[in-house]
Amino acid sequence: MVVTVEDLPQAGDRVVFARKGEFAKEGVLREEFDGGKLATLIWREGRGRIVYVGLGEGPVTGDLLRKAAGTGVKLLRRLGAEEVYIDCTAFPERADFAVEGALLASYRFEDFRMPEARKGGPLRALGVAVGKGGPGKVRAEVERATTLAEAVNYVRQLGNQPANVVTPAVLAEKARELATESRLSCQVLGPKELEEAGFGGILAVGKGSDNPPRLIVLEHRPTAAPPIVVVGKAVTFDSGGISIKPGEHMDEMKFDKMGGCAVLGVMRAASRLGLPVPLVGVVASAENMPSARAYRPGDLIRSYGGKTIEVLNTDAEGRILLADAVGYAVERFAPRLLFDLATLTGACIVALGRYRAGLFSPDSGLRDRLWQLGEEAGEPVWPLPLGEEFAEAIQSDVALVKNVSGAREGGGSVGAAFIQHWVGATPWVHLDIAGPAWVSRELPYLEKGVTGFGVRLLIRYLLSLANQEPQ
Ligand code: BES
Ligand code: ZN
Ligand code: ZN
């Protein structure tokens with residue numbers, strides 16, 4: 001769908017970047033447009049329109065190009081454009097960033113909008129002009145960015161669906177379809193299999209709901225080497241259960257499945273990019289509801305592998321799901337590295353705000369690397385601590401561990417310390433994506449709704465590994 005060309009076509013709708021201080025056009029006053037950061041100017045030329053998007057005067061980072069391309073494409077789409085060209089002749093080696101921003105900006109969730117309120121179909125074609133000598137060199141990068149952005153949009157389309165549409169069973173069906181389309185192998189465990197294999201955590205969390213839980217396993221195995229495993233929390237709706245949440249913003253808990261959805265996106269992109277690294281995705285999905293059958297505060301449960309949990313708050317359900325999924329992943333796959341992604345704690349949002357994920361790992365090299373890659377991916381993360389003090393806070397009098405500390409402080413780290421019991425000595429990174437999994441207002445290349453956070457970061461990491469160790 002994305003084409004790379006040498007020059008911008010003379011007709012049609014186009015996005016052109018402008019540096020502050022360098023932009024001059026007859027008939028345009030400085031007060032109207034001067035190339036200031038993300039300022040826009042619409043210029044009609046022949047049968048098409050040019051949207052000039054300002055880059056300001058500072059350094060032109062990859063993320064600025066994403067934002068500028070996203071701004072321009074959104075504006076043209078609002079004006080009815082279906083085919084858009086972007087002028088990247090000044091930054092051919094970074095055309096991939098512009099493509100990523102443009103494709104992410106062109107996604108809209110309109111499934112439930114009335115036809116008259118829909119703003120048009122998807123972008124039919126996107127072209128990127130990269131100048132002479134460019135196309136051959138940058139084509140591969142542009143293709144990679146396209147696959148990646150499409151995977152993110154796939155995650156957003158799935159994640160924006162509400163809990164009455166996407167139940168754990170539906171999520172598992174979607175994973176099966178994904179596996180068929182993307183040449184992955186797929187295995188789904190339903191309530192019966194979960195019962196037989198001793199997944200006491202997932203079953204407990206799902207007990208209160210009429211929509212029973214699922215465990216989904218997707219595999220991309222280009223070689224027989226030990227895989228990297230990515231585990232995701234997919235709570236299709238988190239009411240809090242018996243420890244029910246307050247009503248305000250409870251609707252947003254339809255997005256409590258985004259860790260698991262991101263895992264599906266990572267698997268999709270990994271397979272379609274032909275990543276040489278063996279990769280396994282494990283998604284634990286349940287709906288957390290109060291009912292006569294729901295699990296309760298005080299319940300004692302046996303997780304997969306036998307480690308016991310004292311439930312003191314049914315709203316700290318994500319870690320209980322992850323206990324089972326991580327325990328299973330470690331036992332079955334002996335991963336060389338384990339990631340988990342989860343909208344785990346409100347405390348992480350308090351600590352880091354809404355745009356940055358909490359990064360927990362005992363490995364300082366991994367922390368540094370993922371921080372750097374997060375900046376480049378436009379999916380920023382920040383390290384938060386692991387430590388004995390957090391493990392101590394969840395020591396239980398009657399089980400191995402209790403699921404909450406009973407105090408508010410260090411909530412993100414307490415959640416991580418809980419999961420660590422099931423990780424053991426496996427190299428591990430925990431990403432608490434409670435903040436950035438969705439946005440409540442429009443951003444330059446994202447609309448309001450889920451963001452697909454984690455896919456771009458993890459794929460960047462996996463690609464960097466692939467480049468490091470030619471296989
Ligand atoms: N899904 C929530 C965490 C969350 C809150 C994500 C807000 C995004 C936005 C999680 O299951 C939860 O309820 N966590 C509790 C833990 C507490 C009971 C220790 C929380 O953060 O309040
Ligand atoms: Zn909860
Ligand atoms: Zn939750």
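Is Leu123 buried or exposed, and what is its relative accessible area? The legends below take up this residue and further close-up views of a predicted model.

In this predicted model, local features need pLDDT of at least 70 and side-chain atom pairs count only at pLDDT 80 or more, whereas totals for chains, interfaces and linings use all residues. Residues are numbered from 1 along each chain as its sequence is written, chains are lettered from A and ligands numbered from 1 in the order in which they are written, and side-chain values use heavy atoms, with hydrogens and water left out.

**View 1. Surroundings of Leu123.** Leu123 is buried, with a relative accessible area of 5% (buried means under 20%, exposed over 50%, partly exposed in between; 1.4 Å probe, protein chains only). This residue belongs to the loop between helix H2 (95-106) and strand S6 (125-129); helices (H or I, at least four residues) and strands (E, at least two) are DSSP runs, numbered from the N terminus. Neighbours within four places in sequence aside, Leu123 is in contact with Met1, Arg77, Glu82, Val84 and Ser106 (contact means heavy atoms within 4.5 Å). Of these, Glu82 is 41 residues away in sequence, yet the C-alpha to C-alpha distance is 5.0 Å.

**View 2. The aromatic pair of Phe339 and Tyr461.** The structure holds 12 aromatic pairs (rings of Phe, Tyr and Trp, the last by its six-membered ring, with centres within 6.5 Å; stacked if the planes are under 30 degrees apart, edge-to-face if over 60, otherwise tilted). Phe339 and Tyr461 form an edge-to-face pair, at 5.6 Å centre to centre and 70 degrees between the planes. Because Phe339 lies in strand S13 (residues 337-342) and Tyr461 in helix H13 (residues 455-468), the pair ties together parts that are 122 residues apart in sequence. Phe339 is buried at 1% relative accessible area, and Tyr461 is buried at 4%.

**View 3. Packing of helices H10 and H13.** Helix H10 (residues 364-377) packs against H13 at an angle of about 115 degrees, with the axes 9 Å apart (axes are lines fitted to C-alpha atoms over the stretch in contact, and angles run from 0 to 180 degrees between N-to-C directions). Residues of the contact include Leu366, Leu370 and Leu373 of H10 and Leu457, Tyr461 and Leu465 of H13.

**View 4. The two assigned domains.** The domain assignment, whose bounds come from an automatic or database source, gives domain 1 (2-131) and domain 2 (154-468). Their C-alpha centres lie 35 Å apart. Domain 1 contributes 18 residues to the contact and domain 2 contributes 17.
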